[in-house]
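Thanks, everyone. Let me put the structure up, and we will walk through it together.

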Amino acid sequence: MRTAIHAHATAGAAPDQVLVRINRLLSDLDSELLVSCLYAHLDLARHQVAFASAGHVPPLLRHTSRPAAVLDVEPGPLLGIDTGGHYPVTTAPLLPGTTLALYTDGLVEPPGTDATRTTSDLAGQLYAADGHDLERIIDRLVHHTRPTGQHTDDIAVLLLRAYRPDGHRA
């Protein structure tokens, strides 16, 4: 899947078209595989990020002077379900000092919990996280949602912080 996504992305396809093409590929392969995916395209010249989602958990966005928030990215169907699936594109500003958090559902959907509440709590933790060390912030986010270290699903977290061209946050 990663290779196919990379091939379509490097060919210059827009986020929604990358997901449409991958969805068709899964259909052509007659696979039983169902895949969630959040595709993010960073436009550094315009200071924005464009997202398309195939049933994936939404990203978090924290601007320097505002609380972190769950970004409202309208999801399309999981890849491999509907060959005619539509994947709306959502754009968001990526200004200096902005922190973008991408993560897998294993972080916010432990059995027996409300994913909406867990995701909102995660946004609160991102806002409360102090410092410039992104690795420490990731550790804090994972430890907050999984304090015992026990998990039933894979967890991945990626943080991106936008800087000014001179290398300063804001």
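Predicted model: local features only at pLDDT ≥ 70, side-chain atom pairs only at ≥ 80, totals over all residues.

The protein chain has five helices and eight strands. In sequence order, the pattern is α-α-β-β-β-β-β-β-β-α-α-α-β.

Now the overall dimensions. The C-alpha atoms fill a box of roughly 45 × 40 × 25 Å along the principal axes.

How much of the chain is buried? Of the 170 residues, 38% count as buried. Next, contacts. Take those between residues at least 6 apart in sequence: 61% of them join residues at least 24 apart.

The chain exposes about 9,600 Å², and carbon and sulfur atoms supply 51% of that. As for charge, there are 13 positive and 19 negative side chains. The centres of the two sets lie 10 Å apart.

Now look at helix α2, residues 15–28. The helix has 14 residues. From first C-alpha to last, α2 reaches 20 Å, close to the 20 Å expected at 1.5 Å a residue.

Which residues of α2 are buried? They are P15, V18, L19, V20, I22, N23 and L26. Keep the helix geometry in mind here. An α-helix has 3.6 residues a turn, so residues three or four places apart point the same way.

What covers those buried residues of α2? The cover includes α1 (2–10), β1 (37–43), β2 (48–54) and β6 (89–93). After α2 comes D30, with a positive phi near 50 degrees.

Technical notes
Residues numbered from 1 in each chain as written. Heavy atoms only, no water. Helix = DSSP H or I, 4+ residues; strand = E, 2+ residues; numbered from the N terminus. Buried < 20%, exposed > 50% of the residue type's maximum accessible area, 1.4 Å probe, protein only. Contact = heavy atoms within 4.5 Å. Areas by Shrake-Rupley, 256 points an atom, 1.4 Å probe, with all protein chains shown as cover. Lys, Arg positive; Asp, Glu negative; His and termini not counted. Charge placed at Lys NZ, Arg CZ, Asp CG, Glu CD. Expected span 1.5 Å × (residues − 1).
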